[in-house]
Amino acid sequence: MYRSSRSRIVFIGAMICACLGPIAAHAQQPSAAAVALAREVIVAKGASGMTEPLVRGVIETVKNSFVPTNPNLTRELNDVATTLHKELDGKSSEALEQIARAYATRFTEQELKDLLVFYKTPLGQKFLKEEPNAIEDGMNRARQWAEAFGDTVMARMRSEMQKKGHQL
């Protein structure tokens with residue numbers, strides 16, 4: 001009896017922790033200073049421009065969702081979209097704010113300060129300049145490796161299936 005009530009209490013305690021965990025994590029909002037530092041890091045990285053196409057993309061996606069069921073309204077929908085592009089262009093700063101909040105929840109203020117200092121150094125500048133090329137090169141190399149690896153796996157698969165009497 002004692003063992004089953006203790007197990008029940010442990011189970012209930014675990015369930016409460018599991019349910020309250022996300023609430024507790026959500027309650028720890030980053031400071032305004034951390035968000036401002038994160039925004040500076042994003043700008044220093046040159047990544048602030050990624051929010052501008054986001055606003056344009058949302059407007060175009062919504063417009064295009066209406067076209068298939070209302071093809072006769074395409075011209076009017078394009079006109080409204082043009083108006084919305086002009087009117088809502090500044091909304092990209094709100095998206096940037098959300099990205100900054102994401103950074104600020106994952107890095108301390110000191111880490112953000114250190115990142116900002118790093119990105120302003122010659123090495124940081126070189127990193128920012130070369131990172132896209134390194135990523136592209138790395139993805140190409142990974143694709144080439146995967147193709148060669150696929151050939152190896154295919155040959156091995158055929159060999160193993162041949163041992164089982166199947167010709168692939």
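Reader: Which residues in α2 meet which residues in α6?

Author: Start with the idea of contact: heavy atoms within 4.5 Å. Here Ala33, Ala34, Leu37, Ala38, Glu40, Val41 and Ala44 in α2 meet Glu109, Leu112, Lys113, Leu115, Leu116 and Tyr119 in α6. The residues of this contact divide into ten nonpolar, no polar and three charged. Nonpolar covers Ala, Val, Leu, Ile, Met, Phe, Trp, Tyr, Cys and Pro; charged covers Asp, Glu, Lys and Arg; the others, Gly among them, are polar.

Reader: What kind of model is this?

Author: This is a predicted model: local features need pLDDT of at least 70, side-chain atom pairs count only at pLDDT 80 or more, and totals for chains, interfaces and linings use all residues. Residues are numbered from 1 along each chain as its sequence is written, and side-chain values use heavy atoms, with hydrogens and water left out.

Reader: How many helices and strands are in the chain?

Author: Helices (H or I, at least four residues) and strands (E, at least two) are DSSP runs, numbered from the N terminus. This chain has seven helices and zero strands.

Reader: At what angle do the axes of α2 and α6 cross?

Author: An axis is a line fitted to C-alpha atoms, for helices over the stretch in contact; angles run from 0 to 180 degrees between N-to-C directions. The axes of α2 (residues 32-44) and α6 (residues 109-120) cross at roughly 25° and come within 9 Å. Angles under 35 degrees count as roughly parallel, over 145 as roughly antiparallel, 65 to 115 as roughly perpendicular and the rest as oblique. α2 and α6 are therefore roughly parallel to each other.

Reader: Which residues have the most contacts inside the largest nonpolar core?

Author: Buried means under 20% relative accessible area, exposed over 50%, partly exposed in between (1.4 Å probe, protein chains only). A nonpolar core is a set of buried Ala, Val, Leu, Ile, Met, Phe, Trp, Tyr and Cys residues joined through side-chain atoms within 4.5 Å. The largest one has 14 residues, and Ala38, Val41, Ile42, Ala100, Ala104 and Leu112 have the most contacts inside it. α2, α5 (92-106) and α6 each give two or more residues to this core. Its largest share, six residues, comes from α2.

Reader: What does Ala100 touch?

Author: Leave out residues up to four places away in sequence. Ala100 then touches Val35, Ala38, Arg39 and Ile42.

Reader: Is Ser92 buried or exposed?

Author: Ser92 counts as buried because its relative accessibility is 13%. Ser92 lies in helix α5. Across the whole chain of 168 residues, 15% count as buried.
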